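Please look over the following sequence and its model before reading the report on how the fold is put together.

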Amino acid sequence: MTFLEIRDFLTMTADLNENYRIYIDQTPPVPAGILRVTDGAAVFLETKKPLTVKDAKKQLNFLKKEQKLMFFVNETPQYVFGLKISNDKILLS
């Protein structure tokens, strides 16, 4: 299985509306925000207000493009392996 890198996310969202909000694909979707950086990954954390695509791009553009993307749900780290678009949301899965 291939995990999403920053370059993949930037390419996949290049033509999307920058006001789309980013969520973690759970039931119900969990707002993703507050990007943290570790040695090998950029991490989306649960938050009350989700990042927009525009805000995420601002943060990700300053990082190494080969870094993997991760998210934490209930204190469990998971790599992002894809994303879906649902209405005006980006769902990280």
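The report below moves from the overall fold to the sheet, the core and the salt bridges.

## Basis of the description

This is a predicted model, in which local features need pLDDT of at least 70 and side-chain atom pairs count only at pLDDT 80 or more, whereas totals for chains, interfaces and linings use all residues. Residues are numbered from 1 along each chain as its sequence is written, and side-chain values use heavy atoms, with hydrogens and water left out.

## Overall fold

The protein has 2 helices and 7 strands, where helices (H or I, at least four residues) and strands (E, at least two) are DSSP runs numbered from the N terminus. Read along the sequence, these elements follow the pattern α-β-β-β-α-β-β-β-β.

The C-alpha trace spans about 30 × 30 × 25 Å along its principal axes. The radius of gyration, taken over C-alpha atoms, is compared with a globule rule of 2.2 Å times the number of residues to the power 0.38; for 93 residues a compact globule would come near 12 Å, and the protein, with 12 Å, agrees. Of the 93 residues, 43% count as buried, a class defined by under 20% relative accessible area, with exposed meaning over 50% and partly exposed in between (1.4 Å probe, protein chains only). Among contacts (heavy atoms within 4.5 Å) between residues at least 6 apart in sequence, 61% join residues at least 24 apart.

## The sheet

The 7 strands form an open sheet in the order β5-β4-β3-β2-β1-β7-β6, with mixed pairing; two strands are taken to pair if DSSP finds at least two bridges between them. The edges are held by β5 (76–79) and β6 (83–86), each of which has a single partner strand, so one side of each is left without a neighbour in the sheet. From one strand to the next, the twist averages 40 degrees, with axes fitted as lines to C-alpha atoms and angles running from 0 to 180 degrees between N-to-C directions.

Within this sheet, β1 (residues 21–24) and β2 (residues 30–37) pair in the antiparallel sense over 2 bridges, and I24 stands opposite V30 in β2.

## The nonpolar core

A nonpolar core is a set of buried Ala, Val, Leu, Ile, Met, Phe, Trp, Tyr and Cys residues joined through side-chain atoms within 4.5 Å. The largest such core has 25 residues, of which F9, I22, F44, L60, L69, I90 and L92 touch the most other members. Two or more residues come from each of α1, β1, β2, β3 (41–46), α2, β4 and β7 (89–92).

Leaving aside neighbours within four places in sequence, F9 is in contact with L4, I22, A56, L60, L69, L83 and L92.

## Salt bridges

The structure holds 5 salt bridges, each a side-chain nitrogen of Lys or Arg within 4 Å of a carboxyl oxygen of Asp or Glu. One of them joins R7 to E5 (3.0 Å, N to O); R7 is partly exposed at 39% relative accessibility, whereas E5 is buried at 17%.

K68 also forms a salt bridge with E5, the closest N and O atoms being 3.2 Å apart. Because K68 lies in strand β4 (residues 68–73) and E5 in the segment before α1 (6–12), this pair ties together parts that are 63 residues apart in sequence. R7 in turn forms a salt bridge with E66 at 3.9 Å between the closest N and O atoms; R7 lies in helix α1 and E66 in the loop between α2 (53–60) and β4, so the pair ties together parts that are 59 residues apart in sequence. Through shared partners, salt bridges join E5, R7, E66 and K68 into one network.
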